[in-house]
Amino acid sequence: MSMKNTWNASETETSGQAECPLGPGYMHTYTMSKIRATFYPKFDNEKSDQEVRTRMIELVSDGLGALEVSLKHSGSLFMYAGLKGGGAYAKNSFGNIYTAVGVFVLGRTFKEAWGGEAYEKQVEFNDFLEENRVCVAMELVTAVLGDHGQRPLEDYVVVTAVTELGEGKPVFYSTPDIIVFCRKWRLPTNHVWLLSTRKAVTSFFAAYDALYEEGTATPVCRVLDEVADITVAGSIEHVKMQGEILEGLVVRVVSRKSSKHMKKVLKRYPLLALGGVDHDVMGMSLRIICAANWSDQKEQIRALLQSVGTSLCPENVDWSGDTHSSNADRSIVESFLQACPADYSTSKLQEMISLIRDKHLSASFKCYQKISLVASDDLHYKMVIHVHKDSAFRQYQKKMRYNPGLWPLYRGFFADINFFKANEEKGVEIAKETNVLVKKVNASCGAFTSGIENLAEEDANLMIKLKFLTYKLRTFLIRNGLSILFSKGHSAYKNYYLKQMKMWNVSAGKQRQLGKMLDEWAAYIQKKCRDNQLSSSVYLSEAEPFLEKFAKRSPENLALIGSAGNSVRAEDFLAIVEGGMDEEGDLDKELETDPSSPSLTVMDAVPKDEGLIVFFPGIPGCGKSALCKEILNATGGLGDDRPVCSYMGDLIKGKYWQIVADERRKNPYVITLADKNAPNEEVWYLIEDMCLSTSASAVPVISDSEGTDSNPYSLDALAVFMFRVFQRVNHPGNLDKTCSSAGYVLLMFYHLHEGKNRIEFESELAERFGTVVKMPLVKADRSPLPSPLKCALEKGINLYKLHTNKHGKLGPAKGSYSKEWVNWEKQVREVLFGHAAYLNESQVPFDFAVKEVVEQLKAAAKGVSAAPRTRKRKIGGIIFAAVTLPVTEIITHLQSLGKKNPEVDAFLKYKDLHNNLRQAHVTLAHKRAHGVPAVASYGAYVNENVPVDLSSLLFSDKLAALETRLGSVGGDKILSKNQWAHATIWTAKGAAAKEASTLPKLLSEGKATRIDINPHITISGTLDFY
């Protein structure tokens, strides 16, 4: 291939009229294009995962489609269209080590499948692809192209798409047709499941949620086999080829007829058992060839292509390098758009590229002159359409809604372009032929052989990737975090992985477990590598042994990481990838949406049986203690009858948040003022847990500040906080004017917020807790911060960074910068008090600030506040399915029963159920006891009301439960998988709620009492996952 010419659509064109590659007179220049390779259009990322799920369930429930689930093998995209003219392609490139490896593995696949017939079959296969203009897309999984989630045990490909490129829009085979194609050519197929009923689909999503945090290949496949309507076994097993670490599942909507079609295919084309192949036929393996040529990429490519042979690689022009000189200039794309299209496909490609250019979408067009055709009068190019950002796909899809005739923007998009001249007579003839073809294609454009009929375009392309945490732990948290860990340090790495896990909705308990493990990993790898960052392409050489040792410590550790111990060594045979090339793009962090500013929305009033926690993610000097005193002394508190309790951190001995949680359990309905700085995510997790365990909402109160690029608090705010602290006298925590290191302490708190700007800080609080209350701090019309103040604060910040980088958490009096700290503490006090007039004048009056905060808190207490956005869908924490019962109603019925029955009355005495019975439910199935499929089977009934009969009360000296009989939902009887359906209502100290299941046995032994309820009491519960 010759000189490469790249043009970026996002760059504004500044040149004049483009010059055609064939010279002046471009109106007589025609162009013809042929699409050579495509993969599926990028699925719609505008909808949230939950919205996509909901729409998928609706489509299946309405009989408009079925759901297809397949395994996501962890490799890179490889496309093959026959090497005589079609080509071999990676995701956004060709003619490199990726495509050479792909061709080699494909050739070896033919040898394994056909043995001595492989050569003939490869020739036939090439001819078939060329004659029918078919492109085969595969996942290329190898240990030589860099590490993903787990080094594969074997190098292999698995077919993921087959496309007929034809003369019109590319048409993708349906999955049954892909299986027919692959079984004819003995190509590897993926494991596929079809779900055609509402129950199957809802059970599937529930099963994924239950497996999300710990799912690996074996249990995931086993569960899917149970919940799916049809299971199609792959011709290769993920566990045997790649290993247990499973990247995820690909879920898409397919034709409602897919199940019937699939059954016919499986009956007519059974999976053949392939016999062994002689070593002489197979030749050297990929790893041996790469190892033998480990120092030179060109030699690796040459050796791989030579080993493949001429049946699959008749000429290696795509890999011939860029030494050939070309007349092509930088205006090839512009010339293509201005030339007359010689056929319909070319006009549609021009339309697509024109839109990308006009809207400045993030995409580039790389053009290569075809070296084998240079002698021709025409000019031939191969074009790579490379979309750089997912946002470009989303913007393009919006345009497609208004212009249905637009062709989709594909992933892995390659086309051949031919420029040629024609006289006027020939031009008229071409125009006529084009018009005929347009009519022909338009007449048949509704025939889409993949079978998504009767669906809108956006529904037909509905697709979602569901990844597993065990994979993301390795790739995103360990591998992608290496650069942050080695360049910015442990603290920045911790912020990174906590932010990722929060974004993924990982449960709080799992976050804490993984946090401890990742901190241990960070310390281990920093100590071992020192200043030499571990290469991401071979990160598993260190990560896998570390994870294996970690897993051996306990079964809980093994469950946390999924699997460990794959000892495949890659360093000896790793392919050479130039310039840190990342063909798949998965070395980038997962794309995050820009955080939006928190907004106040209206919701129903907070019920009075729920508490409220007011806390302060701030810095000493923000005024929290003074504010709490004002709230306590205010008439009417926060506007309702709930008592207000304040807990000042400096006066409480012991673990502050644990003590507050204990007090809240005693009286969960109160409004708690947590008068202690809560500056970081670790504390926020504790507050979230407290909300869940004591039925409360939480509202953060923060000082209003502009912030900096990397901190939510500005230097103006820091100056005010320090000024206030330096004026304190007799502070309970001794952080006042007499504290010699008070400035250092404030800098420490200031840096606890480092890494987030103001928008990110407020957005994360809003996502976690709903409403964010802002306390006015400085006036908007104040004068700029005086230069001496700014310089003193910046000097302290720089000194703090030097100190912590060298000494960590060691106090300022003990490090090598002790003298500098003494001098700075003295200087900053002098400067602050020297500008006392400015600092006093720039602050908002405290009484006004208090009034503003109290009004916002009253609104929050009444419910005029936003609900936490992160509670929309519980993920990864599903342990059991249950019917949740109304506690207040149960207590009322028990009290009525006590008035009629002395035994019940005696039992209820001193039990204080109003405070002790916080939740009641009837367990239907538990993940550990009954399995994930059993829990998932209730997915179709989530949030539905279930009639529940209370038939009797059983109690002993340590346990009490209500025997229940469950009703039906939509004609389906709801049954518990437990032998005895019940709701635990009381346990003595030291007794676990699950022990209530032994009450029938205790009754038979005379150790429990049974009180029948006649007539039965009927209440209504809600089916939910816990």
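Strand S19 (residues 671-677) is mostly covered, with 6 of its 7 residues buried, where buried means under 20% relative accessible area, exposed over 50% and partly exposed in between, for a 1.4 Å probe and protein chains only. The model is predicted, so that local features need pLDDT of at least 70 and side-chain atom pairs count only at pLDDT 80 or more, while totals for chains, interfaces and linings use all residues. Residues are numbered from 1 along each chain as its sequence is written, and side-chain values use heavy atoms, with hydrogens and water left out.

Strands (E, at least two residues) and helices (H or I, at least four) are DSSP runs numbered from the N terminus, and two strands pair if DSSP finds at least two bridges between them. S19 pairs in the parallel sense with strand S17 (residues 611-616) over 4 bridges, and here isoleucine 613 stands opposite threonine 672. S19 also pairs in the parallel sense with strand S18 (residues 644-648), over 5 bridges, and aspartate 675 in S19 is the bridge partner of methionine 648. From S18 the chain crosses through helix H24 (residues 656-666) to S19 in a right-handed β-α-β crossover, that is, one running clockwise from the first strand over the helix to the second when the strands point away from the viewer.

Turning to the nonpolar cores, each is a set of buried Ala, Val, Leu, Ile, Met, Phe, Trp, Tyr and Cys residues joined through side-chain atoms within 4.5 Å. The largest has 117 residues, of which Phe204 and Met517 touch the most other members, and helix H5 (residues 198-211) supplies its largest share, 9 residues. Leaving aside neighbours within four places in sequence, phenylalanine 204 is in contact (heavy atoms within 4.5 Å) with residues including Leu67, Val69, Leu249 and Leu466. A second, separate core of 94 residues includes Ala37, Ala118, Val157 and Leu349.
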